[in-house]
Amino acid sequence: MKIKRKIILFLSLLSLFYCVSLMQETYAKYVSSANASASLTVARWNVLVNNQDIIQNSNFSSTISPTFAGTANIRNGIIAPTAEGYFDVVIDGTNTDVSFNWTLTLEPDTTNTITDLAITKYSINNIDYPYGSSITRTIALNDASRSTTVRVYVKWNDGTGETMDNEADTAATVDGVAAIKVNLNVVQIR
């Protein structure tokens, strides 16, 4: 009888293991796997200055066109003592996918022979501002207009504040240099 019990116990355990294995397959969790690559879009950095991409060519000297309206005594398009004019710097971030700060620094060029050349003011959106040492603004990603035009006004001082006398003014007309050094720094806002 002892052997019979052992056989019954053995068959019972075997049946139990068989039933557990059936239930395990019945209540099994589904397992699967998948692979993919995430394609990320890189932000565009396409800042134009006077319609020139600054990544392709950072020297935009050829795109700055000074305007001198002239007077009854000074021909249109030239600078002479007392002449006033302007030039525009257009900073366009329309095709840029990030916000950025820009700083425009202006100063008479070191090669100038006309030391009385002065920056008198600048304007943005038809609002005049006195010029200090630089102009700093932000073009935000959600701005309605992502382009800014800075109009810079220059004058050949003659009279109050002048450093050149009439003789120096006359000498400057022979191979004279009148130039403004324009430096624009554009930095992404992090």
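**Terms first.** Buried means under 20% relative accessible area, exposed means over 50%, and partly exposed lies in between (1.4 Å probe, protein chains only). I am looking at a predicted model, where local features need pLDDT of at least 70, side-chain atom pairs count only at pLDDT 80 or more, and totals for chains, interfaces and linings use all residues. Residues are numbered from 1 along each chain as its sequence is written, and side-chain values use heavy atoms, without hydrogens and water.

**Salt bridges.** I looked up salt bridges (a side-chain nitrogen of Lys or Arg within 4 Å of a carboxyl oxygen of Asp or Glu). The structure has three.

Which residue does Arg151 pair with? I found Asp88, with the closest N and O atoms 2.7 Å apart. This pair links distant parts of the chain, 63 residues apart: Arg151 sits in strand β8 and Asp88 in strand β3. Strands here are DSSP runs (E, at least two residues), as are helices (H or I, at least four), numbered from the N terminus.

Is Asp88 buried or partly exposed? Asp88 counts as partly exposed because its relative accessibility is 22%. Arg151, at 27%, is partly exposed too.

Next I checked Arg44 and Asp97, whose side chains meet at 2.9 Å, N to O. Lys121 and Asp128 form a salt bridge as well, at 3.1 Å between the closest N and O atoms.

**The sheet.** I then traced six strands in an open sheet, ordered β2-β1-β3-β8-β5-β6, with antiparallel pairing. Two strands pair if DSSP finds at least two bridges between them. Between β5 (residues 117–124) and β8 (residues 147–156) I noted seven bridges.
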